[in-house]
Number of protein chains: 4
Amino acid sequence: MKGRRAPASGEEGRVDTFAADEQNRPRKNMNTTLQHSRAHMGSAMEECIKNCLDCHHICLETAMNHCLETGGKHTEPAHFRLMINCAEICQTSANFMLSGSELHHLTCGVCAQICEKCAENCERLGEMDECVETCRRCAESCRKMAA
Amino acid sequence: MKGRRAPASGEEGRVDTFAADEQNRPRKNMNTTLQHSRAHMGSAMEECIKNCLDCHHICLETAMNHCLETGGKHTEPAHFRLMINCAEICQTSANFMLSGSELHHLTCGVCAQICEKCAENCERLGEMDECVETCRRCAESCRKMAA
Amino acid sequence: MKGRRAPASGEEGRVDTFAADEQNRPRKNMNTTLQHSRAHMGSAMEECIKNCLDCHHICLETAMNHCLETGGKHTEPAHFRLMINCAEICQTSANFMLSGSELHHLTCGVCAQICEKCAENCERLGEMDECVETCRRCAESCRKMAA
Amino acid sequence: MKGRRAPASGEEGRVDTFAADEQNRPRKNMNTTLQHSRAHMGSAMEECIKNCLDCHHICLETAMNHCLETGGKHTEPAHFRLMINCAEICQTSANFMLSGSELHHLTCGVCAQICEKCAENCERLGEMDECVETCRRCAESCRKMAA
């Protein structure tokens, strides 16, 4: 289906290839392995999906383990909520892109803002370099998708 | 925690009462029943949470039952994706509000746009009055929360 | 689609009516209002969906507001995780039922166990009567759906 | 926090290292990069998290693109629902493990059963080798975590 996704210039990823095949003839086989298909993921969107999934992973894991176990400022409501909210919008944003949504630029736009705030908050708190880096990387690629 | 939520003028709902109580003294008991607490839900935010949860409910149930079983234009990719995407952003938007997020205006803003598009799409398709109404109601209360 | 759902004896709810209509002729209109359709929800499954959604609502809201703001034993990792995990499995279990899944008995079975543990844990902690009640009610209806 | 997770023999992954550090002294820095931390992921649980996230990714992407665009038997309700349900339980199961839940064996047990059914269903349909493989791999590692 042409136009299934909001146009991402230069996007030549696996999913568009799917679509083209499917329009013309039934696919004979989708037995590309996961590893294979991922090797082909060069597009801005595939990169953004990966960054959102990584950010969801790190924020949820860090909040529910590091933050809960450290306590103190790490379970201060505003900080802890931001970590959990950031994890959730990253998951939703990834799911929009995975589903081929034409509206992923909307979720990516909000995801970029929330990841940026989470990065700033974690930076201020200190000792959370991995979260800061992962949120920044996600924010940057989401901004591109939202443009 | 004061300011746990973005200010909703006139919000006097159950959750802010929580917050106030908690600031002054440990709550002795949160044995308000669910029924009781819901009777008190008068605020714009509680209304918006309800509308988001209803919209998630109707869009997911309709897509996965009515649309899949009817087929034809009801499983046309753009329509079906919009139903599923609408259900997901409503869930996320409700979760942000339920979690006391200061950033719920961002998810509500996007939710309003997606619900509006879903309503228009369902209206064009026809035979989907419940979805149209529920999406419109959700869009309207999300717009208010986003303002 | 007959058998869309695992059989729930006595289920005469809105969704099965959908299905029957759809088999025979295109539905002319689904303009039952949400209020109307909910008035018809008498089945064990509709009750279970409602209980799961309520339990998700209360557990998430309580964890992210009451627990985070009270701190102390309320943010003790085992307790806090159980509240968040309970909210998530309730959401998933509701989504399985809303989607007409034939496998909802599996998610309901696990949901019943997790809600029961959450109820016990909240009871031991004290001051969380609403969570205890809501989790117990959800566990009970999930057990029925899982049977 | 000892016992944060159900014991996984031989688990020496990043998260337990977190926990140990946190018990003894405040962590000075969590600036392990994501790449670094992933290089250390050798445990059965980290493997299972990865398999669940991959399975969520493939099932959701395939259902919402390949299946919707191909139509026919690919949007047959029982098949399509199974793909969407499989994606959701994989996400939930991953989230339980990421959150350090002591109850992940319950969600993993159900996830294994649903992935196995999804693999069988996709195999019968044909032309879905990647889904079959990914679901099987996820089912296998979930069975181990559930044991």
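Me: What share of the 147 residues in chain A is buried, and what makes a residue buried?
Reply: Buried residues make up 65% of the 147 residues in chain A. A residue is called buried when its relative accessible area is under 20%, exposed when over 50%, and partly exposed in between, using a 1.4 Å probe and protein chains only. Before we go on: this is a predicted model, where local features need pLDDT of at least 70, side-chain atom pairs count only at pLDDT 80 or more, and totals for chains, interfaces and linings use all residues. Residues are numbered from 1 along each chain as its sequence is written, chains are lettered from A and ligands numbered from 1 in the order in which they are written, and side-chain values use heavy atoms, leaving out hydrogens and water.

Me: How many helices and strands does chain A have, and what counts as one?
Reply: Chain A has six helices and zero strands. Helices (H or I, at least four residues) and strands (E, at least two) are DSSP runs, numbered from the N terminus. Read from that end, the elements of chain A go α-α-α-α-α-α.

Me: How do you know that the length of helix α6 of chain A agrees with its number of residues?
Reply: The expected span is 1.5 Å times one less than the number of residues. Helix α6 (residues 129-146) of chain A has 18 residues and should therefore span 26 Å; its end C-alpha atoms are 25 Å apart, which agrees. The buried residues of α6(A) include A:Glu130, A:Cys138 and A:Met145.

Me: Is C:His74 buried or exposed, and how do you know?
Reply: C:His74 has a relative accessible area of 2% and is therefore buried. C:His74 sits in the loop between α3 (44-70) and α4 (77-98) of chain C. Leaving out residues up to four places away in sequence, C:His74 touches several residues, among them C:His66, C:Phe80 and C:Met128; a contact means heavy atoms within 4.5 Å.

Me: What makes α5(D) roughly antiparallel to α6(D)?
Reply: Helix α5 (residues 104-125) of chain D and helix α6 (residues 129-146) of chain D pack at an angle of about 155°, with their axes 7 Å apart. That angle makes α5(D) roughly antiparallel to α6(D), because angles over 145 degrees count as roughly antiparallel, under 35 as roughly parallel, 65 to 115 as roughly perpendicular and the rest as oblique. Axes are lines fitted to C-alpha atoms, for helices over the stretch in contact, and angles run from 0 to 180 degrees between N-to-C directions.

Me: Which residue classes make up the contact of α5(D) with α6(D)?
Reply: The contact has 15 nonpolar, three polar and five charged residues. Ala, Val, Leu, Ile, Met, Phe, Trp, Tyr, Cys and Pro count as nonpolar, Asp, Glu, Lys and Arg as charged, and the others, Gly among them, as polar.
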